[in-house]
Amino acid sequence: MMFKKVKEYFSGKKVLLIGLGLQGGGAGTARFLRKAGADLTITDLKSENDLAASIKKISESGIKFVLGRHRKEDFARADIIVKNPGVPQESPFIFYARNLGKPVWSDTQIFFNLIPREKIIGITGTKGKSTTCRLLQHFLKRRFDARLIGLPGSSALEDLMKRGNKLPDYFIYELSSFSLENLKTSPKYALVTNLFPDHLNRYSSFGEYLKAKENIFIHQQKGDVLWLNKRDPISLAEAKKAGKRSKIIFFIPGQKPILTGSIQAKLISPASLEASRKVAQFFGISPRDTNKMINSFSPEEGRLQYIGKINGIYVINDTTATNPGSALFGIRQVLKCFGLAKNRLILIAGGDDKNLDYHDFSRYVSGLKKIIFLPGTATDKIIDAAKEFSSSNYFPASGMPEAAAFAFEAAKKGDVILFSPAAASFNLFKNEFDRGRSFVNAVRTGKKRLL
C-alpha cells in the first residue's frame with residue numbers, strides 16, 4: 001500500500017532535487033525518488049569534482065545533473081521541487097519556484113505525507129538529540145520494532161524504502177532545525193531536549209531558529225504528546241506556544257552525567273538519559289528496565305565519546321559540539337563526571353564561525369588549564385573576546401596533530417583532554433565526523449610516542 005502511495009506522488013513526474021550535498025542524505029533521497037518513478041534532475045551549486053563522492057553513491061540510471069549552478073528553466077520545467085535540508089529557505093531559486101506555484105517539499109514533509117503521524121516519535125533540540133534518539137531506540141526495542149531515522153548523513157526516505165510495505169511499530173526521527181523548516185505536519189509524539197543559539201549564519205536571529213524548531217509541535221493535534229526539559233528556560237517559554245492541543249510531559253535531568261559501561265564508553269548527559277527514560281516509560285518500559293539496559297548501550301561517534309585513559313589522562317572526543325553553547329555544555333558535563341576543577345581540563349577548540357556570540361564561552365574557558373586552538377574564523381572571534389579576560393592560557397596550533405601534541409605536553413595524570421570545538425569544521429575538514437576521526441588518529445599517534 002505504501003509503495004502505491006509513493007508511485008502516486010512521483011511516477012512520471014518531473015522532479016528537481018535541489019542540493020545533493022556531501023554527507024550522503026541527498027544521495028539517499030535521489031535513490032528514493034528514482035525508485036519511485038520520478039523523472040529526476042539534480043542541481044547543486046557545488047561542482048562535479050566537489051560532489052564526486054556523493055555522485056558515486058547514486059547508481060540509478062536516467063538521472064540528469066546540473067552542477068556548479070542553478071538554472072531557472074529547470075525550476076520552471078519541474079512538476080515538484082524537493083529541497084535538501086542544507087538549502088536555505090531564502091534561496092532566490094526557492095522563491096522563484098514558489099512564485100511559479102511549484103510545490104516545494106522537503107524530504108521530511110514527504111515522509112510525513114506517507115507515514116501515519118502516530119507512528120512517528122520526533123526528537124529535536126540544540127544538543128543531545130542524537131544520543132536521545134539512540135537511547136530511546138535502545139530502550140524501546142525491549143517491546144517494539146522501533147526504527148531510527150534522520151541521523152546525519154542518512155535519508156529518512158531511503159530508510160523507508162528499505163522497510164518495504166511492512167512498517168515498524170515506531171519511527172524515531174531525529175529532526176534538525178533545517179529538516180523542520182516549513183514543515184506543515186508535527187509528529188504525534190514530540191520531544192525537545194534543550195534550546196540555545198545555533199546556526200545563526202543560516203537564520204537572521206535566534207527567534208528565526210526557534211521558529212524552525214517549533215514546527216516539531218506547533219501543528220500537533222488534541223491528544224498528541226510533547227516532552228520538554230523542565231530545567232531549560234527556553235523550552236519552558238516555548239511550552240506556552242504549544243497551546244492546549246498538546247499534552248505536555250516534563251522531564252527533569254539529574255545533575256551528573258554517567259559514563260556507560262560498554263566496551264566503547266561515552267558520557268551520557270542527564271538530559272538525554274532522563275528524556276529517553278521518560279518517553280520509554282510512557283510506552284510501558286519501566287525505569288527498572290531502563291536502568292538495567294543502560295550499560296549495554298552502544299555509544300555514538302564524536303558525541304562526548306570517551307577515547308580512553310592514556311598515561312593517566314582522560315581523553316574525550318566531542319567533535320559534534322559545533323557551537324559555543326554545546327561546547328560549554330560538554331565541558332561542564334566532563335568536569336561533573338570526573339569531579340574535576342576547571343584548571344584540570346585542557347580544551348582543543350576552534351574552527352569556522354556560524355555568526356555566533358563567543359563572549360560567554362571565552363569568559364568561561366579562560367579558567368581552564370589550557371585552550372589549544374585550530375585555525376578558523378571562530379577562533380579569531382574567541383581570542384578577540386578573550387582579551388577582556390586577560391587570559392594567558394591560549395595557544396594556537398597549525399592543525400590537529402600539533403594540537404593533540406600540545407595537549408599531551410600540558411596534561412598531567414588525572415587531567416582531561418577534551419576536543420570540543422565550539423565551531424564548524426568545513427575550513428579544515430569534510431565535516432565534523434571527519435574532524436573527530438582526525439582527533440582520534442592524532443591521539444593514537446601521540447599514545448604510541450608516550451608508551
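Trainee: What does helix H6 (residues 107–114) lie across, and at about what angle to E5 is it running?

Mentor: Helix H6 lies across E4 and E5 and runs at about 80° to E5. Contact means heavy atoms within 4.5 Å. Angles run from 0 to 180 degrees between N-to-C directions, with axes as lines fitted to C-alpha atoms, for helices over the stretch in contact. The model is predicted: local features need pLDDT of at least 70, side-chain atom pairs count only at pLDDT 80 or more, and totals for chains, interfaces and linings use all residues. Residues are numbered from 1 along each chain as its sequence is written, and side-chain values use heavy atoms, leaving out hydrogens and water.

Trainee: What does helix H5 (residues 92–99) lie across?

Mentor: Helix H5 lies across strand E1 (14–18), strand E4 (80–83) and E5, at about 125° to E5. Helices (H or I, at least four residues) and strands (E, at least two) are DSSP runs, numbered from the N terminus.

Trainee: What makes strand E3 (64–67) and strand E5 (104–106) edge strands?

Mentor: The open sheet has 5 strands in the order E3-E2-E1-E4-E5, with parallel pairing. E3 and E5 each pair on one side only. The twist averages 25° from one strand to the next.

Trainee: How many bridges join strand E2 (residues 39–44) to E3?

Mentor: There are 4 bridges, and E2 and E3 run parallel. Two strands pair if DSSP finds at least two bridges between them, so 4 bridges meet that condition. Ile-42 stands opposite Phe-65 in E3.

Trainee: Why is strand E16 (residues 345–349) described as largely enclosed by the rest of the structure?

Mentor: 5 of the 5 residues of E16 are buried, so the strand is largely enclosed. Buried means under 20% relative accessible area, exposed over 50%, and partly exposed in between (1.4 Å probe, protein chains only). In a regular strand the side chains alternate between the two faces of the sheet. Leu-345, Leu-347 and Ala-349 point one way from E16, Ile-346 and Ile-348 the other way, and all are buried.

Trainee: In which sense do E16 and strand E17 (residues 370–373) pair?

Mentor: E16 and E17 pair in the parallel sense over 4 bridges, and Leu-347 stands opposite Ile-371 in E17. The chain crosses from E16 through helix H15 (residues 359–365) to E17 in a right-handed β-α-β crossover. That name applies if, with the strands pointing away from the viewer, the path from the first strand over the helix to the second runs clockwise.
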